[in-house]
Amino acid sequence: MFGEVDKGSLAVFSDEAGGTMAEVGLLPFARVALKVATQVLPPYRTRFSKHQFTQPQLLAVLLLMRYEDWTFREAETRLREHQELRATLQLQAVPDYTTLYRFLQRLPNDTIDRGLRETVRCLRQRRRRAVVVAVDGTGLSYNSVSSFFIRRVEQQAQRSSRHRHWLKWVIVVDVQQQILLAQRAHQGPGSDVRFLPPLLDVAARGAPIRLVLADAEFDSEPNHQHIRQRLGAQSIIPAKRRGVPNGEIRNLMFRRFPAKPYRQRVKIETTFSTIKRKLSSRAPGRSLAIQIRQALLLGLAFNLYRLRHGLSHDDVNRAMNTCKGCWKC
């Protein structure tokens, strides 16, 4: 029975260099990533550049690294092995892993933000309706060490552990389309209450906001006033349980909290779960600046995946529950 199976048709990767990669869905993603990168970056940084690789090509490779959770050396190996991927990225040669790392070092965070806005513009197309957004933060590891190992080291170590800091990633998500509208990364732990107004201002440029949902971490009267007066939207943020809160809006949230519409905030947890399970839960890097850029690239890669598949609102939850192989096919 096994002798009749065509093993060549079942192979995901060819055994020879230059094999096909269409089965794993990297070619469509690379095509979309290159198109978006071309919109936000000029071909070359200066007129004295070597003109061997364009900036959009290198940015597309970095996004592929985040999409597949590759290291710099793994990215170089994959590009060297598969000619179809090089043809999609229009690469005449394979960039060295040091070239990719140096490009990441000098890549401005504003460029990644422009790429995120470009994906939002393409995903929303001609939609004018105001959206409901949720704001929350999560932690990203800066290495491949599991959280269980870190806890065991802290329990058994005679001195303080080296793992004192981690990266905090805060995002604004459209709960209907489940796409990222704005993002920010910084060193944790720490409070994110002061980051809410600038994040919402950035998100409002891509889509008009009707309702903002956030947990008690972002509770403050200035945040409520900024949402209602500056953005013209409604805000639902639970008041912290420390007696009767000060402020008119916070006191209203404490006395008559609208629990039913607040249930939509759980969809941002679904987005976090999807990104960490399907893409990566890490933001690797030796410096804080590199870790921040890796986190921002992770958010852009997620929006590119949504742009690549173009799912309708009814198909979002079904797509999130698929296996990893089918999720990228």
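**Entry 1: a helix pair.** I was working with a predicted model, and I kept that in mind throughout. Two packed helices are described by the angle between their axes and the distance between the axes. I looked up both for H10 (residues 221-230) and H11 (residues 248-255): the angle is about 100°, and the axes lie 8 Å apart. Angles of 65 to 115 degrees count as roughly perpendicular, so I wrote down H10 and H11 as roughly perpendicular to each other.

Next I asked myself which residues meet between H10 and H11. From H10 I listed Glu 221, His 224, Gln 225 and Arg 228, and across from them in H11 I found Glu 248, Ile 249, Arg 250 and Met 253. Sorting the residues of this contact gave me 4 charged, 2 polar and 2 nonpolar.

**Entry 2: positive phi.** Most residues other than glycine have a negative phi. I found His 51 in the loop between helix H2 (26-40) and helix H3 (55-68).

Gln 90 went on the page too, with a positive phi of about 60° although it is not a glycine. Its place is the loop between helix H5 (83-88) and helix H6 (97-106).

**Entry 3: accessibility.** For Gln 90 the relative accessible area is 54%, and because exposed means over 50%, I marked Gln 90 as exposed.

Notes
Residues numbered from 1 in each chain as written. Predicted model: local features only at pLDDT ≥ 70, side-chain atom pairs only at ≥ 80, totals over all residues. Heavy atoms only, no water. Axes fitted to C-alpha atoms, helices over the stretch in contact; angles between N-to-C directions. Helix = DSSP H or I, 4+ residues; strand = E, 2+ residues; numbered from the N terminus. Parallel < 35°, antiparallel > 145°, perpendicular 65-115°, else oblique. Contact = heavy atoms within 4.5 Å. Nonpolar A, V, L, I, M, F, W, Y, C, P; charged D, E, K, R; others polar. Buried < 20%, exposed > 50% of the residue type's maximum accessible area, 1.4 Å probe, protein only.
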